[in-house]
Amino acid sequence: MRRLSAIALLTLAALSRPAAAIDAAVVEKLAFGESDEKVAAIAALVASGDEQALPLLQALADGSVQAAGKRVLIVAGDEGRDVVSGERVRPLPEDREDIVLNNRLRREIDSALGALKLVSPDRATRLKAAGALEDGADAAVLPLVKKALGRETDPKVKRLLEQIAASIEVKSDDAAVRLAAVRTLGQSGNPNNKTLLLSLLAKKDDGVDDETRVTAEQSLRAVEGRLAWGERLGLAFAGVSLGSILLLAALGLAITYGLMGVINMAHGELIMIGAYATYMVQNLFRSHAPGAFDWYLACAAPAAFVASALVGMALERTVIRWLYGRPLETLLATWGISLMLIQGVRTVFGAANVQVENPVWMSGGVEVLANVVLPWSRIVIVFFAGAVLAGMWLLLTRTRLGLFVRGVTQNRAMAACVGVPTARVDTWAFGLGSGIAGLAGCALSQIGNVGPDLGQSYIVDSFMVVVLGGVGQLAGTVYAALGLGFANKLLESWQGAVLAKIAVLVFIVIFIQKRPQGLFALKGRSMEA
Amino acid sequence: MGPITSLMSRLYGTRGWAVLAAAAFVLFVVFPLLNLAVPASSPFHVSAYWVTLVGKIMCYAIVALAMDLIWGYAGILSLGHGLFFALGGYAFGMYLMRQIGADGQYRVNMPDFMVFLDWKEFPWQWWNSDQFWWCALLVVLVPGLLAFVFGYFAFRSRVKGVYFSIITQALTYAAMLLFFRNATGFGGNNGFTDFKRILGIPITTPGTRMALFATTGLVLIAALLLARFIVTSKFGRVLAAIRDAEQRVMFCGYDTAHYKLFIWTLSAVLCGIAGALYVPQVGIINPGEMSPANSIEIAIWVAVGGRGTLVGAIAGAGIVNGAKSFLTQMFPEFWLYFLGLLFILVTLFLPQGVVGLWNRLTARRKPV
């Protein structure tokens, strides 16, 4: 606490003084002095406000500062830079020694760095430093925050700094300062502000006047309102996200089961194969084209499609073809296939999960509100699911293959009579469904674990989606996936994940009893639905 | 011919009864003698491992019979029979847990997991669970009632074929998730284990083990005769007709839902009883038994043995589980390949199972 305030004061002093070059005496103390002298030197560096102070302290924290004789160097690779004179030193002298830090100095440097970053010329650095202080700033940094606020031009950083200042000032004993702080706190949706305001309101007889109290209650309501909206928004997004994942997992099944009537219990394993194909493409990129690593997904998605489609077509040719019209036997045989695929992957890749890394542009997220961050990977998957759906729709309604598939689905015998090669259409259609499962695997590899059991966790869900939506209905599949996603997340926020899942399953079981043909049944008079 | 002899001749021919008697002789005389009377050093001694293994497989055989009744004779493939099996096991497991008394790790008259969760009294599910008769009743009632209610709605709304299979799978999946929760009150992940005694008698002594073994054998034979009685009756004929052409049966004036509901509930009850016999012999029950994979495996026992033949179901359970305990010990990494291949080959090439294969081979040798 005292340390922080000392640094804050020194920094204040530094801000009011014109920037000077790094003092050689200070550097000498920093490099060769006793522990206490080093602490003083760090404080002096902060006080100097020099633009060089930040990189020097950062280098010190990273352990890349070395002493060679009397010179102090920041070493990067095979060259160094003299801290005092700024000249480049190359080649590096032989007799270098690391400047070793103890824990106390490390802490000093960390807080010095934090404080210095608030006044850094780089906006991103300032934003980050302010963000770090947002969740609980110490009273000691208030003067520094105020000073930084005075210089700040960027509206976003400024708002953050105002919030930080207010979160400190709300504890002040000065009624006017406190009132202003309470007002400011009401302008944000940060969950911390709620705690602060609540603790202020909880003070009974601490000389909190009525006006402050009323304002605090208004502010609290405002904050809570924003928080509630944030939660609703987060929930809605989680629902859409889960829905899009279910949709991806179920779209392939909508073709193989929905259109062709094949109960493919190995569908989950086709998803898994897609995920492993993504893993292999990722490894290829890492070893052969590390520069293009960020774009490996552009290759991985087609690779996943092709890998799963080929496996699917092979399965159709060798096993499933002989079981058309015997759904229960198909179910058992494809279950056997799924067991063999799982064990096969275990043999080849090992039983443990493999690492699939997100490209840089997919990590992180968009902060919509203070308590809502939407991860990029999930956003991308929502759009990816939409794109796959659109592609599949186009394929089924606008191409010759799609026409054939629909024809064979509606009336196999008649389609054969007019010259549709039904057997080949079956193979292609099954390959298409399997390939889409592969795309799902590629997407899932970006947000979850990739292991041999990956598919098992999706098989029940994807069957639920297809059955609920109504067999043979793409639109039904979409509605069912989104509906289940929302229902699941809504129940989850209310009763926890496991009970939500159970409730959804029980709901589907009951629903199918009521409407055995699903949400969107084709109207017909046949007794055999 | 008296009514009993006519019934006996309806169930099996002379050869059938002879085989059954021989099997009973092996189970109830040879096995116990070799296990209890022959010293462990003798090569003819049957070890406790084998008693447990055969006992376990007989429990599975009862399940396979139940599955065959519903799938082989009524054409309804259930992917949730593991649930009924596990429910029976849990119902009886509650009694076994209460029999531990104060001998658990915490020396309190309460199952360890409850002490661990800091529960002060038994939740409502455990009411009266220290009474053998009550738990034995639950073994029949819980799977039976669940199957009855589920089947009533499913068959009334004419859910059939693959739809039925998938919702039974969803049912057992949901139940598994439910039982994984600690709050459900059945030990969560770990389920029940560490049983000490049954009816006050220590559970691991050779005598108790053999008694459980013999009971299981008795129940298996009784279940076989009951199933045979059903499938040779008029009721069984209607069931087979439903399997082959349900609509025609409906148009003949039969309410097929009633037939299916009866056999479905009976099948679930048989599974529950098998589960109750399984738990004291194997010494553990956990929610893993309810996993969809386990239930599908039951179907493959029946398919391997031969659907629609009761002996086939028993043989299938024996073959697959025998292979399983052999392979998982010798070549653990090959077991899933073998099982997967079994699923594929049996459905593609052996639609009648090994019994069908046997019949084909013997028929070829005998000229008509």
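The model is predicted; local features need pLDDT of at least 70, side-chain atom pairs count only at pLDDT 80 or more, and totals for chains, interfaces and linings use all residues. Residues are numbered from 1 along each chain as its sequence is written, and chains are lettered from A and ligands numbered from 1 in the order in which they are written.

Chain A has 21 helices and seven strands (DSSP runs, H or I of at least four residues for helices, E of at least two for strands, numbered from the N terminus). Of its 529 residues, 42% count as buried (20 or more other C-beta atoms within 10 Å of the residue's own, with C-beta atoms placed from the backbone).

The contact between the chains takes 34 residues from chain A and 37 residues from chain B (residues are in contact if their C-beta atoms, placed from the backbone, lie within 7 Å). On the side of chain A, α14 (327-349), α19 (456-469) and α21 (497-514) each supply at least two residues. The largest share, 14 residues, comes from α14(A).

Within chain B, the axes of α6 (residues 132-156) and α10 (residues 256-282) come within 8 Å and cross at roughly 150° (axes are lines fitted to C-alpha atoms over the stretch in contact, and angles run from 0 to 180 degrees between N-to-C directions). α6(B) and α10(B) are therefore roughly antiparallel (angles over 145 degrees). Residues of α6(B) that take part include B:Val139, B:Phe148 and B:Arg156. Among those of α10(B) are B:Lys260, B:Trp264 and B:Ala276.

Key
Contact = placed C-beta atoms within 7 Å. Parallel < 35°, antiparallel > 145°, perpendicular 65-115°, else oblique. Buried ≥ 20, exposed ≤ 12 C-beta atoms within 10 Å, placed from the backbone.
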